[in-house]
Amino acid sequence: MKITSLWPKSGKVRAGLIIVIFFIALALFGPLIAHYSPEATGSDVLSPPTLKHWLGTTQTGEDIFSQFVNGARLSMLVGLFVAVFSNIFAVVVGMIGGYFRGVTDAGMYIITSVFLIIPGLPLLIVLTAYIPSRGLLSIAIVIAVTSWAGTARVLRAQTLSLRKRDFVEAARATGESRWRIIFAEIIPSEVPLIASGFLFMVIGGILAEAGLSFLGLGSLTTVSWGSMLYFAESGQAFLYGAWWWFVPPGLAIAVIGAGLALINFGIDEYADPRLRTGRKLKKSDRRGTRALEGGMTSLRTSLADEPEAVGDPTIDARAALNDEYERAAAVIRPPRRLPGETILDIRHVRVDYPTAHGTVHGVRDVSLVLRRGEILGLAGESGSGKSTLTNTVARLLRAPAQVIGGEVLYSRPGQLPVDVLKFSAEELRRFRWAELSVVFQSAMNALNPVISIWGQFDDVLRVHRPSMKKSERLALAKDMLVRVGIDGDRVHSYPHELSGGMKQRVAIAIALVLNPDIIIMDEPTTALDLLVQREVIEQIMKLRDDFGFAVVFTTHDLALLLEISDSIAVMQAGRLVEYGPAEAIQTEAAHPYTRALLDSLAELGARL
Amino acid sequence: MKYFLRKLGLYAFIAWAAITLNFLIPRLMPGDPVGLLVNKLHGNIDPNAIAALKKAFGITNAPMINQYWDYLVNLSHGDLGVSLTYYPVPVSDVITSALPWTLGLVGITTIISFFVGTALGIWLSWRRGTWTDSIVPAMTFFSAVPYFWLALVLVLIFGVTLGWVPLSGAYDTGTTPGVNAPFIGSILQHAVLPAVTIVLASFAGWILGMRNMMMTTLGEDYVSMAEAKGLRTRTVMVRYAARNAILPSVTSFALALGSVVGGSILTEVIFNYPGVGYTLFLAVQSQDFPLMQGLFLIISLTVIVANLLADIIYIFLDPRTRSEG
């Protein structure tokens, strides 16, 4: 591994590492370049920084630079000691509690809570007041005892959730011992949390030692940053304006603390990419990432066309298949004549994701037409670009996704079509929900958990129908619930009080409340079990007949689409591979990818 | 309700643990408080006085369990013993005169710092991807700056050099305590610098916590749905994103409060502010063990009550806790 690959890319982490390495070097080598003993008094009293005394002198003529570098050594040593010991304790308590659960966990949880809530510094003060002789070691032990609880709590929560993950369940099923699971499966997954806890404990240890020493409760016979501040304060340094006496140690604590926290940013961002700030890929959110996976497929396939990539051993059967799909021409049939006029005309839309590895194409030149009252099924595996396309139409794309071409023309009755992609912020806000609404994939996550169903109807109505009275709004919300088969009184429930199927119906009811022309349904039934799925679909079909809205229905379930759609569009690797009336797709699919999908359906059907 | 009762039970246990810890520390730590005092006076102490001191501490030759029972009985009468420094003033009286200053200073600054920090955290997450992202690393400096050092720097600049504000105490001794303009004005004048210190040293933690949670929440489907609903940006940010993102901040109050209380002790010491922190410092310096123990107990119990309040607020903020069980 090259050195350069170890050097982090994030500027924040770099700055943090530079700071911490600087102070470590200062602690290790500083005393070698200091000319004086930290405790040697001299005749230069309260001298400001000079060439002789780089950071000036104290009231008794001690050289502050010598004290400062010596203090760096001791303060950082205390911080390190505290972090190592309290981290070990936190890992043991947090992990055992989280893994073994039951009585063990309850006991550990209560002990952790006690130490978490009883304030640390007062406890430290009281404990140190009773120690007969306060050496640096006893101070460090007392600090370690009072500072493990926060990390233990975090690790317990993480262990509890890891315990339920597939890879841990699998290890348990194969009969691995508990300790092996803890050491081989759980601890490695918690390394970012442990590392982050470690960094904060170093800061906490340095701060606690400094605070205690400053109060005169530390080890005042040794020179640490805290005891320097204590003597500066008791020597009334600030009354003499002797800033050089107390500024360096305090500033050093703050800077080293900032350095460690900056390194922690790197750990946080590694563990949760959503926290990243800055350019390019760094702001990707979940939707971005989801579509990105599809983009990656298309990147792989486009690379496969290039000569140097052909010899790559990673090209497997799957890539070869992708290659075949890519070469086959898209099959676009004229849509069946429908009574309604065109309401949405998607023309040559292209969406790119700039990434650190180059640009990937999420949507590649897709054109589709939606008529009034039509159900357009959009099929494709996850990552095929179908969500990216619907998010483009709903203007919900997040950075780093960029629409690089095309138009989405929306037609109001008797008016010229307008391009949704060119709407101003206010035009977009008015267009949303009133003319185009969205039902999200998982209603579990699409409803705000802390606001009642009524509140989630009401905010839409208040902003889009300002003239409606409260009683009218409430009556409308109840009526919408009844229309999706839910008792109107449930309007005051919170999402967690409803079953999965009910939540999805509520989401549909909210989508209908302004009677929009178009509803985008992004896999609305995927998260539901089969029976509920069937009920919800029937409900949607009935409501479509009542209200006459058009639907863009995305799913990977082609069988479902064949049953409900007027037309079907099949996407693969960001490209539209086949598009036409549903019957035509069923009977005379021409693109190899569509045929592969249909064949797999037929096989399933044959087996059933 | 079940959630509330469980929390109440937990806090009752923690309070009991704090009370018991307070009983055990002087008895289990290697140094014997009376012995320490005797050493301090270099043995120039009457054996009768030693016996009196032991009695004052409740350290007798009686079995531990009897001592514990006596301690609990005394405590239930609000009897925390007698202060050695302010002999024969009861510890409870010393604490009662110090507590309002700290509750006023630390209470108000903590609330200000929580709201300012949380609001800034929301604002920063709103503006992610713009120049304001560069403020975030700078906040780490503030989150790591030692309270007492910040206080010293502020004293040097605004107290000593500029002379804008008084250097120590809680009010001007020339004023008459009571509800009158000069006295209240003097209190505010004296509180400015300690308050600024506590806010500056603690608000960065709230900013970082809130921004992190906001970034996570902004990726949730319900925020996308709120956006798709055509709600105003403000509504999306506050009613959907912030309303959910603030929940962990309320929960992590325990973690934060401990460090604020600790920091305020140091701040009070620097400004000679007559609150519990400064009194604790004086008690430790003069080895006034009964006063020290009493203060530790009161500080712990106050923090426990503050946490209980935070949990009650949480019940109002998160409907899921209300219907559980």
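Reply: With 15 C-beta neighbours inside 10 Å, Asp365(A) counts as partly exposed, because a residue is buried if 20 or more other C-beta atoms, placed from the backbone, lie within 10 Å of its own, exposed if 12 or fewer, and partly exposed in between. This is a predicted model, in which local features need pLDDT of at least 70 and side-chain atom pairs count only at pLDDT 80 or more, while totals for chains, interfaces and linings use all residues. Residues are numbered from 1 along each chain as its sequence is written, and chains are lettered from A and ligands numbered from 1 in the order in which they are written.

Asp365(A) belongs to strand E3 (residues 358-371) of chain A, where strands (E, at least two residues) and helices (H or I, at least four) are DSSP runs numbered from the N terminus. Although Asp365(A) is not a glycine, its phi is positive, at about 50 degrees. Most residues other than glycine have a negative phi.

His348(A), which is not a glycine either, also has a positive phi of about 50 degrees, and its place is in strand E2 (residues 342-355) of chain A. His348(A) counts as exposed, because it has 11 C-beta neighbours inside 10 Å.

As for confidence, chain A averages a pLDDT of 80, with 87% of the residues scoring at least 70; pLDDT is the predictor's confidence in each residue, from 0 to 100.
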